[in-house]
Amino acid sequence: MRNLAIDRQELARRQARLSDLQATLSEQEQAHRKLHEQVQAFVDRYSDLLGPLYMELDALESQLHTAMVYLHEALQRNGVSAHEPIPPKASALPPMLARLPAGAPLPAQPAGGLQDLAPPSLKQLYRRAAMRFHPDLAGSTVERQRRESQMMTVNKAYEQQDRAQLEQLLIAAGEAPERVTGNNSLAMLEWLQRCEQAVRGRLRVVQAHQAALLAHPMHRLWAAIVQAEAKGLDPMGVMASRLRSQIVERRRELYIGQRLQPDSGLAQNFLHQRRLRVMGTAA
């Protein structure tokens with residue numbers, strides 16, 4: 001049976017592995033933070049330049065839809081068949097970028113770090129075990145039976161000079177590892193294991209957020225814009241120009257729509273063309 005004391009080389013190996021994991025986590029957190037800042041700056045730029053234009057276009061679409069509803073109702077009153085106007089959809093604003101939550105601190109290291117004490121003798125271990133498991137300390141019949149079974153195990157381990165078995169029994173019963181094995185290497189090992197689990201868990205969170213950011217539509221648009229601007233193009237200016245052209249066109253439509261007579265063929269055709277455009281935009 002393996003001795004419960006963990007040698008220093010094993011602890012050093014675990015500590016080195018934890019340090020490597022922490023370094024990897026730090027690198028990936030920094031890479032994610034940098035990319036998030038770049039994409040967020042682009043989202044802000046996009047919203048500042050195009051947001052007001054989208055809002056104006058949406059307002060015109062809403063006014064135009066109201067005018068079309070009035071025109072449709074007037075045509076119906078005049079006995080003219082026409083499809084009911086389709087409400088326009090509001091322009092989609094850039095979706096929010098998810099923020100990486102702050103990481104939790106690592107578990108606290110055992111007080112004093114790794115400690116080396118004079119290990120107790122086999123006889124001392126046996127006496128401690130007897131004091132913990134003696135049947136006379138039982139408070140019930142069931143507990144006494146359990147203690148009797150434990151004392152049989154303790155006596156057998158002492159007879160066979162099985163120090164590791166006595167150590168296991170005492171630690172399982174709540175004895176401090178350093179008082180049983182002569183050092184607290186087990187506590188240090190468990191602490192390192194908990195730290196490693198925490199770092200691996202945080203690493204999974206960072207990687208999931210990075211994957212989501214890379215798949216985000218604004219990241220894809222940012223990458224395309226950066227590539228185009230590197231070639232000397234002005235894609236954002238082109239997008240703004242197109243929106244302004246649409247605004248001019250909607251103003252013209254609104255001007256015409258508000259002045260059409262409900263008894264003319266032009267009104268029916270205007271409603272039809274408007275419906276086709278809105279359906280095409282929705283598609």
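Predicted model: local features only at pLDDT ≥ 70, side-chain atom pairs only at ≥ 80, totals over all residues.
Residues are numbered from 1 along each chain as its sequence is written, and side-chain values use heavy atoms, with hydrogens and water left out. Local features need pLDDT of at least 70, side-chain atom pairs count only at pLDDT 80 or more, and totals for chains, interfaces and linings use all residues.

**View 1. F42 and Y46 form a tilted aromatic pair.** Rings of Phe, Tyr and Trp (its six-membered ring) pair if their centres lie within 6.5 Å; planes under 30 degrees apart count as stacked, over 60 as edge-to-face and the rest as tilted. By this rule there are two aromatic pairs. Helices (H or I, at least four residues) and strands (E, at least two) are DSSP runs, numbered from the N terminus. F42 is buried, at 3% relative accessible area. Y46 is buried too, at 9%. Buried means under 20% relative accessible area, exposed over 50%, and partly exposed in between (1.4 Å probe, protein chains only).

**View 2. Y126 and Y158 form a stacked aromatic pair.** Their centres are 4.3 Å apart, with 20° between the planes. The pair links distant parts of the chain. Y126 belongs to helix 2 (residues 122–133) and Y158 to helix 3 (residues 141–159), 32 residues apart. Y126 is partly exposed, at 22%. Y158 is partly exposed as well, at 26%.

**View 3. R250 of helix 8 (residues 235–257) joins E61 through a polar contact.** The two side chains come to 2.8 Å. A polar contact is a pair of N or O atoms within 3.5 Å; within protein, one must be able to donate a hydrogen and the other to accept it, and residues adjacent in sequence count only if both atoms are side-chain atoms. R250 is buried, at 8% relative accessible area. Leaving aside neighbours within four places in sequence, R250 is in contact (heavy atoms within 4.5 Å) with L57, L60, E61, L64 and R277.

**View 4. Helix 3 packs with helix 4 (residues 163–172).** Their axes lie 8 Å apart, at an angle of about 150°. Axes are lines fitted to C-alpha atoms, for helices over the stretch in contact, and angles run from 0 to 180 degrees between N-to-C directions. Helix 3 and helix 4 are therefore roughly antiparallel. Angles under 35 degrees count as roughly parallel, over 145 as roughly antiparallel, 65 to 115 as roughly perpendicular and the rest as oblique. T153, V154 and A157 of helix 3 make the contact with Q165, L166 and L169 of helix 4.
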